[in-house]
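Subject: Structure handover and findings

Dear colleague,

Please find the structure below, handed over for your use. The findings follow directly after it.

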Amino acid sequence: GGSTTAGNSSQVSDGAAAVLMARRSEAARRGLRVFGVVRGYAVVGCPPDIMGIGPAVAIPELLKKTGLTIDDIDVFEINEAFASQAYYTVKKLGIPSEKVNPLGGAIALGHPLGCTGARQIATLLHELERRGKRAFGVVSMCMGTGMGAACLIEYPGPA
């Protein structure tokens with residue numbers, strides 16, 4: 001019964017981000033701090049005409065693969081290309097709203113195509129670091145043509 005408008009959608013924005021991934025041994029060899037550890041991921045298909053619900057199908061698959069529950073996750077970074085799809089995901093999965101995009105999502109921060117995932121990972125890891133303890137976070141997004149992706153990242157705690 002609702003509608004998607006410029007007021008409840010992410011804006012077109014420019015952006016650049018990078019994420020450096022390495023084996024722990026290589027990071028240690030180079031003297032680099034391990035800021036986060038990828039613990040699992042899932043990519044799941046959904047009907048292309050409702051591709052925005054990708055996180056609603058990818059997150060449960062990720063949790064099933066990793067043996068975790070919604071309660072085990074401290075922060076969810078769910079890309080909100082549109083408010084309606086993010087709202088749908090949160091309600092369908094029963095994610096407490098205080099765990100979702102605590103620093104703002106794509107509607108507030110932008111949705112720069114091609115760097116959204118890296119932006120989400122950077123936002124997630126810095127929020128987990130700010131909390132000051134070992135924690136788990138999930139980054140999730142929808143993708144055109146009907147897919148959803150989710151990645152479980154562990155913040156190992158203060159260095």
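Helices (H or I, at least four residues) and strands (E, at least two) are taken as DSSP runs and numbered from the N terminus. The model is a predicted one: local features need pLDDT of at least 70, side-chain atom pairs count only at pLDDT 80 or more, and totals for chains, interfaces and linings use all residues. Residues are numbered from 1 along each chain as its sequence is written, and side-chain values use heavy atoms, with hydrogens and water left out.

Helix α5

Helix α5 spans residues 116-131 and contains His126. His126 is partly exposed, because its relative accessible area is 46%; buried means under 20%, exposed over 50%, and partly exposed in between (1.4 Å probe, protein chains only).

With a relative accessible area of 1%, Glu127 is buried. Its side chain forms a polar contact of 2.7 Å with the side chain of Arg130. A polar contact is a pair of N or O atoms within 3.5 Å; within protein, one must be able to donate a hydrogen and the other to accept it, and residues adjacent in sequence count only if both atoms are side-chain atoms. Neighbours within four places in sequence aside, Glu127 is in contact with Val75, Pro102 and Leu103, where contact means heavy atoms within 4.5 Å.

Glu80 is located in the loop between β2 (75-78) and α3 (83-93). Glu80 is buried yet has no salt bridge, and the nearest side chain of opposite charge, Arg119, is 7.1 Å away. Here a salt bridge is a side-chain nitrogen of Lys or Arg within 4 Å of a carboxyl oxygen of Asp or Glu; as to charge, Lys and Arg count as positive and Asp and Glu as negative, while His and the chain ends are not counted. A polar atom of the Glu80 side chain is 3.3 Å from the backbone nitrogen of Ala106. Beyond four places in sequence, the residues in contact with Glu80 include Ser10, Asn101, Gly105 and Ala106.

Asn101 sits in the loop between α3 and α4 (106-109) and counts as buried at 9% relative accessibility. Although Asn101 is not a glycine, it has a positive phi of about 45°. Most residues other than glycine have a negative phi.

Thr145

Thr145 likewise has a positive phi, of about 75°, without being a glycine. Thr145 lies in the loop between β3 (135-143) and β4 (147-155) and is exposed, with a relative accessible area of 68%.

Val57 is part of helix α2 (residues 54-66) and counts as partly exposed at 26% relative accessibility. Apart from neighbours within four places in sequence, Val57 is in contact with Val44, Gly45 and Cys46. The C-alpha atoms of Val57 and Met143 are separated by 12 Å, at 86 residues apart along the chain.

Val19, Met21 and Val38 make a nonpolar surface patch of about 280 Å². Patches are made of residues with over 30% relative accessible area and no salt bridge: like charges are joined within 9 Å, nonpolar side chains (Val, Leu, Ile, Met, Phe, Trp, Tyr) within 5 Å. Accessible areas come from the Shrake-Rupley method with a 1.4 Å probe; for residues, only the protein chains shown count as cover. Val19 is found in the segment before α1 (24-29) and is partly exposed, at 39%.

Kind regards
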